[in-house]
Amino acid sequence: MKTTLMIYDGPAPADSDAPRTGGVPLAPAGFDWPLCGCGGPLQFFAHLPVEDGVLSVFLCQNDPGACEFWDASSSANRVFLFPREELRPVAVPEAGLALLPATSAIRTHVVTLDPEEADDDEDIELGAYDVARQGWNREPAERFGKQREVLGSLGGSPSYLEDDRLPACPSCTGTMEFAAHLEEGIARETAMNLGGQLGYVFVCRTCRKGSFLTD
Ligand SMILES: [Zn+2]
Ligand SMILES: [Zn+2]
């Protein structure tokens, strides 16, 4: 079983088309910055190129704790799947918390797990992300004690998410495909605030709609 970890890779240009957290979103022409039910702009969290486009993740941080960014059906989060072509930097709202303080590059690192590390297949399926993330500390070529460098993972299965929390597509009401885990990141100054929780990104590739929730 393979897990594609996303690893913090230092500062990045704010308009980079490579995987990153923070910076300015790249979107098609005519894109309007998403707003939360609280009236403020959502904060741009992550630009994640995937097989058939770019996932663009936004969460409300104007009043953390009040705006329910942990709920897939809330207006306090939004995930877009943009086509890869003709993306351009979006004009940033002047009021509200629209941007993270820093732009961080992401590199991917594939971890292959030994099935003997889990009791049965279901365990390794559910826990693959946790095992891979914890294993990052033990990578011989990497620095030790750097678990917070793990910014999440791409693809695979959602780690320990109850079935009744799996989101339905807001357009076709079909089952959504798991796309990514997101972690808060390495430092308080650069971090995405997820309330200390693990973030989950889902996508309906047919409708090109995404969803976000936390555990
Ligand atoms: Zn809000
Ligand atoms: Zn759909």
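The zinc ion (ligand 2) is held at 2.3 Å by the SG atoms of Cys169, Cys172, Cys204 and Cys207; donors are N, O and S atoms within 2.8 Å of the metal (3.2 Å for Na, K and Ca), and since water is not among the atoms, sites may look incomplete. This is a predicted model, in which local features need pLDDT of at least 70 and side-chain atom pairs pLDDT 80 or more, while totals for chains, interfaces and linings use all residues. Residues are numbered from 1 along each chain as its sequence is written, chains are lettered from A and ligands numbered from 1 in the order written, and side-chain values use heavy atoms, without hydrogens and water.

**Zinc ion (ligand 2)**

- The donor atoms subtend angles of 106 to 112 degrees, so the arrangement is tetrahedral (four donors with all angles between 85 and 135 degrees).
- The donor residues follow the spacing C-x2-C-x31-C-x2-C.
- Cys172 sits in the loop between strand S9 (150-154) and strand S10 (177-182) and Cys204 in strand S11 (residues 199-204), so the pair ties together parts 32 residues apart in sequence; strands are DSSP runs (E, at least two residues), numbered from the N terminus.
- Cys172 is partly exposed at 39% relative accessibility, whereas Cys204 is buried at 7% (buried is under 20% relative accessible area, exposed over 50%, partly exposed in between, with a 1.4 Å probe and protein chains only).

**Zinc ion (ligand 1)**

- Cys36, Cys38, Cys60 and Cys67 coordinate the zinc ion (ligand 1) through their SG atoms at 2.2 to 2.4 Å.
- This site is also tetrahedral, with angles of 104 to 116 degrees among its four donor atoms.
- Its donor residues are spaced C-x1-C-x21-C-x6-C.
- Cys36, in the loop between strand S3 (26-27) and strand S4 (43-50), and Cys60, in the loop between S5 and S6, link distant parts of the chain, 24 residues apart.
- Both Cys36 and Cys60 are buried.

**Gln61**

- Gln61 lies in the loop between strand S5 (53-59) and S6, and is buried at 6% relative accessibility.
- The Gln61 side chain reaches the backbone oxygen of Asn193 at 2.9 Å.

**Largest pocket**

- The largest pocket holds about 280 Å³ of space (a pocket is an open set of points on a 1 Å grid over the protein atoms alone, with protein on both sides within 12 Å along at least five of seven lines; lining residues have an atom within 4 Å of a point).
- Among its 18 lining residues, Arg78, Val79, Pro170, Gly210 and Ser211 are the closest to its centre.
- Strand S6 (77-82) and strand S12 (209-214) each supply at least two lining residues, and S6 gives the most, with six.

Key. Four donors count as tetrahedral if all angles lie between 85 and 135 degrees; four count as square planar and six as octahedral if opposite donors are over 155 degrees apart and all others between 65 and 115; anything else is irregular. Helices (H or I, at least four residues) and strands (E, at least two) are DSSP runs, numbered from the N terminus. On a 1 Å grid over the protein atoms alone, a cavity is a set of points where a 1.4 Å probe fits but cannot get out, and a pocket is an open set with protein on both sides within 12 Å along at least five of seven lines; lining residues have an atom within 4 Å of a point. Grid points are joined across faces, edges and corners, and a volume is the space filled by probe spheres set on the points. A polar contact is a pair of N or O atoms within 3.5 Å; within protein, one must be able to donate a hydrogen and the other to accept it, and residues adjacent in sequence count only if both atoms are side-chain atoms.
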